[in-house]
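This report considers a structure from the level of single residues up to the level of a whole chain. The sequence and the coordinates are shown first.

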Amino acid sequence: MAPAIELRGITKRFPGVIANEAVDLTVAEGEIHAICGENGAGKSTLMKILYGMQAADEGSMTVFGKEVHFASPNDAIDAGIGMVHQHFMLADQLTVLENVILGAEPMRSGGRIDFAAAKQHLVKVSEAYGLDVAPDELIEALEVGERQRVEIIKVLYRGARILILDEPTAVLVPQEVDELFRNLRELKEGGATILFIDHKLDEVLEIADTITVLRQGRSIATVKPADVTASDLAELMVGSELPTPETTESTVTDVVALAITGVTVTDEEDRTLVNDVSLRVHRGEVVGIAGVEGNGQSELVDAIVGTRAVASGTIFLLGDDVTRAPVRHRRELGLGYVPQDRQEEGMLLPAPLWENAMLGHQTRAPFAKGPWVDRAGARARTEEIRRSFDVRTPNVDVAAHALSGGNQQKLIVGREMTAGPTVFVAAHPTRGIDVGAQAAVWDAIRDARRLGLATLLISADLDELIGLSDTIVVMIRGKIVATLDPHDVTPRSLGSYMTGAAFESGATP
Amino acid sequence: MRRFAELPAWARWALYAALGVLLLTIVQGFDDTNRLTAASSSQAMLRWGMPILLAGLGGLFAERAGIVNIGLEGMMILGTWFGAWGALNYGAWAGLLLGIAGGALGGLIHAIATISFGVDHVISGVAVNILAPGATRFLSSEIFTGYDGGSITQSPRVPGVGHITVPVLASGPDLLGDVMRADVFFFSDVAGLTRGLATQLSLVTLIALLLVPFTAWLLWRTRFGLRLRVCGERPEAGESQGINVYRYKYVAVVISGGFAGLAGAFIVSPELSGIYLEGQTTGRGFIGLAALILGNWRPSGILIGALLFGYPFGVGLRDLDGAASHSLLLVNAIALVGVAVWAHRRGQRTSTILAVVLSGLAAMWYLVAEEVPDWWTDILPYVIVLVVLVFFTQRLRPPAAAGRPYRKGEA
């Protein structure tokens with residue numbers, strides 16, 4: 001039997017970078033094949049080539065034994081390949097049905113869409129694979145896990161036999177990951193071939209039948225999960241041991257650096273987003289906030305940073321009442337901040353790196369000399385960040401959008417850490433960055449913690465939360481519902497706190 | 001209240017309209033005028049509302065495909081010139097078609113700039129708005145100056161397409177006329193307003209009105225419409241399903257320009273002016289955009305918005321003693337009380353206070369002044385736009401990707 005996909009010698013060059021170099025990949029029909037690698041290892045580029053979004057410079061590609069040349073995703077779809085993107089390709093204000101049938105609409109006469117037939121087919125597909133969705137619901141009303149199901153159905157609706165999933169677990173809580181894996185196994189039962197991109201090694205080992213590791217654009221090895229351990233895989237990926245986020249001894253002092261008392265945040269329509277939250281972060285302490293996304297964490301962070309007004313309550317930064325203080329005042333008091341969306345809030349994408357390195361610190365040395373921008377100082381500092389945080393870039397004058405996501409994130413974290421903050425608010429500081437960079441960020445937080453940094457850490461990576469935090473609080477619907485000692489929790493138990501399941505089953509918070 | 005919410009949309013809107021007419025009927029009694037519910041008022045409202053409606057629908061096509069079209073005004077200007085030129089040379093119907101073509105040409109320029117070259121939508125739109133009057137003036141100097149009765153700023157009189165009067169209701173048995181003349185409180189007022197809409201109905205007006213359900217059908221029932229809307233909500237989603245986003249955006253913006261051009265041709269038709277005059281669009285392209293916003297990016301909403309904006313014009317037009325305009329002040333005050341109640345029930349304190357204050361000011365003006373200056377009805381549409389934007393912005397759902405630059409392959 002011909003393999004579902006066979007890639008030979010795929011090479012793709014971008015100006016100044018080789019994204020893929022002579023990559024070989026063989027995916028057997030009906031298997032779950034995982035592609036692992038650090039950020040910038042070329043996983044995404046390879047998948048884009050496979051899905052017809054980019055063309056390879058060299059190499060050949062066969063699908064079910066037939067040589068193919070994709071000029072657009074249309075060709076890939078015709079060949080039976082479907083892609084579930086990491087950032088969902090869904091229009092929020094359209095219904096599930098509209099999103100699913102888009103591009104493959106069943107027609108009646110006169111250009112009309114046959115919505116009845118479409119719905120029938122949708123229900124048939126979703127029942128066949130046990131994927132539960134409501135066709136007439138708007139996407140914006142759905143949870144993340146449901147949206148992902150819609151994405152998968154969208155691909156199946158088109159009759160795809162090969163599914164590419166790009167880091168599908170990045171946005172899910174553990175319970176949702178279980179559900180996804182159950183769905184994937186059912187799909188496999190149904191005869192589908194699944195290509196699964198991930199860098200969470202335990203997940204890969206759990207779900208994959210075969211694993212291919214990419215490093216620096218090359219395919220390094222193809223292994224069976226039974227033959228390897230997580231650390232073997234990590235070594236293949238980075239050529240070093242798997243770092244863990246464990247902190248050693250407690251360095252918590254009794255100096256309160258960040259004190260939040262009874263903070264309530266509401267939106268324009270007076271809905272409560274953050275409900276009477278009180279928190280204390282001491283110098284040398286890391287407080288982690290766990291919660292399913294959209295439960296008030298980001299609004300709380302906005303309130304602390306000063307980009308959102310609080311309805312009531314107080315915020316003290318090192319003894320100063322900053323409840324109504326402007327953002328710059330707070331930053332000058334030593335507030336470091338890693339925003340959750342690096343491209344929206346963290347960077348100016350068209351601006352050079354050295355300008356990006358100034359953001360938030362533009363009023364202080366080495367970026368400013370009186371009212372003037374100190375270009376030399378800014379460049380020198382950016383070089384320093386580049387070196388110590390391993391930001392991979394030809395120089396500091398390239399525009400930020402030329403960097404991969406991981407390198408952008410390293411620049412942001414580096415920018416905040418090198419400024420010597422006393423209070424550090426980090427929203428998903430390691431999201432979407434590779435294990436090497438992750439370790440660098442963790443090290444930076446740990447080192448700073450030893451020197452008395454107070455950190456508020458918001459993360460969806462539960463291992464990271466448990467490993468780094470001295471205290472973990474759980475937020476549901478804007479309220480802190482539990483305060484936990486990280487030594488007493490596992491990712492799984494923490495996940496059940498986050499979804500509220502822990503309370504329903506009668507466990508005490 | 002719940003029973004009311006369960007009524008079908010058309011029934012709810014009919015009830016709203018009836019309530020509105022009732023309000024007008026009562027209020028105009030204080031000022032001893034009948035202009036607020038006269039047949040001629042509703043007729044004028046319809047005529048004045050149509051260019052706004054067409055511009056609004058044009059804006060709808062562009063923005064649903066993700067392109068902000070602030071150039072509607074300029075495209076409308078092109079429509080006026082080409083509409084007049086076509087009607088003079090090839091007859092009234094050809095005038096409409098050429099008006100559409102002229103506007104579509106403006107749309108094409110906007111499309112090339114925004115879609116192919118990634119120019120900021122507002123900047124490109126403003127460029128079209130600057131370009132259009134210059135182009136039409138040049139064309140007038142080349143062509144209209146050679147016509148009998150034409151000059152560099154105007155054309156000779158332009159012929160129009162025909163009218164119909166709805167039989168039975170407004171002619172022959174003239175049922176509505178009978179009710180109107182019977183002079184029964186409220187019912188005669190409803191009949192008068194309705195008869196105005198059914199009498200001497202221009203075929204262009206009829207076409208414009210029919211374009212409302214047609215647009216709704218096209219955008220929400222067809223494949224073309226679904227794909228176009230995706231371009232305005234999440235173009236990357238369309239691209240990932242193999243949809244040629246650029247093509248849909250192009251088509252949408254050209255259609256958008258065509259609608260604006262038709263609006264321009266409507267303005268030069270005898271319905272409104274019967275002549276091409278430089279500067280005669282007077283910002284109605286922008287009011288069309290306001291109707292688009294007020295109508296929450298939906299065709300029926302745009303129609304309501306266009307009529308709402310056309311109504312003060314219709315009332316002011318023949319309001320010689322100013323009594324009707326004076327009454328409109330009280331209508332405004334009462335409507336603002338409604339807004340205040342609405343805002344209060346949603347717990348929006350600032351909005352409630354603001355609405356109460358504005359209502360009080362309008363009421364005070366009504367009580368103090370014997371009559372209002374004639375510019376009041378002229379600016380009222382703009383005041384309505386401001387009030388709507390201030391109080392209802394949060395309820396509006398613009399297409400998510402409208403105005404966002406889109407480049408293929410960056411998903």
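## Cysteines

B:Cys231 has a relative accessible area of 1% and is therefore buried. The model examined here is a predicted one. In chain A, A:Cys36 is likewise buried, because its relative accessible area is 0%, under the 20% cut-off.

How many disulfides are there over all chains? The count comes to 0. A disulfide is a covalent bond that links the sulfur atoms of two cysteines.

## A buried threonine between two helices

B:Thr222 occupies the loop between α9 (203–221) and α10 (223–233) of chain B. Is this residue, B:Thr222, buried or exposed? With a relative accessibility of 3%, B:Thr222 falls under the 20% limit and so counts as buried.

## Overall form of chain B

Chain B contains 17 helices and 4 strands. Its radius of gyration is 22 Å, close to the 22 Å that the globule rule gives for 411 residues, so chain B is as compact as a globular protein of that length. The C-alpha trace of chain B spans about 60 × 60 × 40 Å along its principal axes.

Of the 411 residues in chain B, 52% count as buried. Contacts in chain B between residues at least 6 apart in sequence include 76% that join residues at least 24 apart. The accessible surface of chain B amounts to about 17,900 Å², and carbon and sulfur atoms account for 67% of this surface.

## A nonpolar surface patch

Which residues of chain B form a nonpolar patch on the surface? The patch consists of B:Leu105, B:Leu108, B:Ile109, B:Ile112, B:Phe117, B:Val119, B:Ile123 and B:Leu131, and together these residues have about 710 Å² of accessible area. Two helices of chain B, α5 (92–116) and α6 (121–142), each supply at least two residues of the patch. The most is given by α5(B), with 4 residues.

B:Leu108 is one of the patch residues and lies in helix α5 of chain B. The relative accessible area of B:Leu108 is 35%, between the limits of 20% and 50%, and B:Leu108 is therefore partly exposed.

## Backbone features of chain A

Where does chain A have a cis peptide bond? The bond joins A:Ala365 and A:Pro366, with omega at about 0°. A:Pro366 is located in the loop between α12 (353–356) and β17 (368–369) of chain A.

A:Ala22 is not a glycine, although its phi is positive, at about 50°. The residue A:Ala22 belongs to strand β2 (residues 17–27) of chain A, and A:Ala22 counts as partly exposed because its relative accessibility is 43%. A:Asp390, another residue other than glycine, has a positive phi near 55°. A:Asp390 sits in the loop between α13 (375–388) and α14 (405–418) of chain A. With a relative accessibility of 37%, A:Asp390 also counts as partly exposed.

Definitions and conventions
Residues numbered from 1 in each chain as written. Chains lettered and ligands numbered in written order. Predicted model: local features only at pLDDT ≥ 70, side-chain atom pairs only at ≥ 80, totals over all residues. Heavy atoms only, no water. Patch = residues over 30% accessible without salt bridge, like charges linked within 9 Å, V, L, I, M, F, W, Y side chains within 5 Å. Areas by Shrake-Rupley, 256 points an atom, 1.4 Å probe, with all protein chains shown as cover. Salt bridge = Lys/Arg side-chain N within 4 Å of Asp/Glu carboxyl O. Buried < 20%, exposed > 50% of the residue type's maximum accessible area, 1.4 Å probe, protein only. Rg over C-alpha atoms; globule rule 2.2 N^0.38 Å. Contact = heavy atoms within 4.5 Å. Disulfide = S-S within 2.5 Å.
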